[in-house]
Amino acid sequence: MQSHSDTPPVCAIDIGSNSVKMVIGDGNGILCEEVVQTRLGIGMDGGTDLSADAISHTEAALASFAVLATHYGSTRRVAVATSALRDASNAESAIARFSAALGGTARVIGGDEEAALVFAAASMDPEFARYIDGTVVATDVGGGSTEVVVGDGGRMSFHTSLQLGAVRLSDRHGMLGDAAISADQLAALDADIAAGCSGLPEVPPDTVVISSGGTAANLGGAVLKGKKHKMHGMLIDINDLRKLRDRLAALPLSERRDFPGINPRRADVIVAGLSVQLGVMQVLGCRNLLLSLRGLRYGLLWSLLAEQAE
């Protein structure tokens, strides 16, 4: 299937610690998007080698994306890798395998570039224009890290990459098992997150926080309890976020997997992911969360398409 746009299609991929996310688009819009969970960041909290299985799963996902890219006529294929690859001692060999599987370019990006792409995804989204006249906070809770970007008028004024990811924290606090999460575990998790967020700046209290990534998608699904509804652009109050986090924490893993709207494969890390989102909002003093289903990969896509159009 060939694109009919004057701008050739681009395949943009986010290799995260929990999943690999792909989007193909051209000047006319989005052609295809896919997400594959590979858990690349499991066991990476202390900084070590990526596991052979996780590398192979990620390699297979990228090979499947290459097939889709060929189908849609995309010869420019760019994958960026974030927290797990930044921490890994065997990142160079993994990246070489990923590039070969994709038939394109895979590279590790630093926290600064990751934050810029997260902000681009939020600030360039036409559906969010009414929310970003003033100060905006863009967040992306990943598996290994969380990006927090503050901007005004489309320009970044602050950004940081917090070592607070859903997989990393679930692993650190022993939350990947089958049992419900205890009050002590939850208290320790919240304290860990609060300490990690201590350097965030002050923002106006009416600032809307934009949340993208898998945590945001599962949050929207859980709030809607699996009902058909448009999640992208959905507003959630901080109290509803807190109630949902506490409710899910009280459930054993088997019941979290069956919870309407929660991806069963993300059920073991969703409490940590929601806790990070909650912690960021509490430190910033913001009440409203705007869900985005267009995270870093969209920032990369739109940046690449803009570059091609120059």
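In strand β9, V208 is the bridge partner of V136, and the pairing to which this contact belongs joins β6 (residues 135-141) to β9 (residues 208-212) through five bridges, the two strands running parallel. Strands are DSSP runs (E, at least two residues) numbered from the N terminus, as are helices (H or I, at least four), and two strands pair if DSSP finds at least two bridges between them. The model is predicted, so that local features need pLDDT of at least 70 and side-chain atom pairs count only at pLDDT 80 or more, while totals for chains, interfaces and linings use all residues. Residues are numbered from 1 along each chain as its sequence is written, and side-chain values use heavy atoms, with hydrogens and water left out.

Both strands lie in an open, mixed sheet of six strands with the order β8-β7-β6-β9-β11-β10. Because β8 (155-162) and β10 (235-237) stand at the edges with a single partner strand each, one side of each is left without a neighbour in the sheet.

Confidence was expressed as pLDDT, the predictor's value for each residue from 0 to 100; its mean over the protein chain is 91, and 95% of the residues reach 70 or more.

The lining of the largest cavity draws at least two residues from each of β2 (19-26), α4 (111-123) and β6. A cavity is a set of points, on a 1 Å grid over the protein atoms alone, where a 1.4 Å probe fits but cannot get out, and lining residues have an atom within 4 Å of a point.
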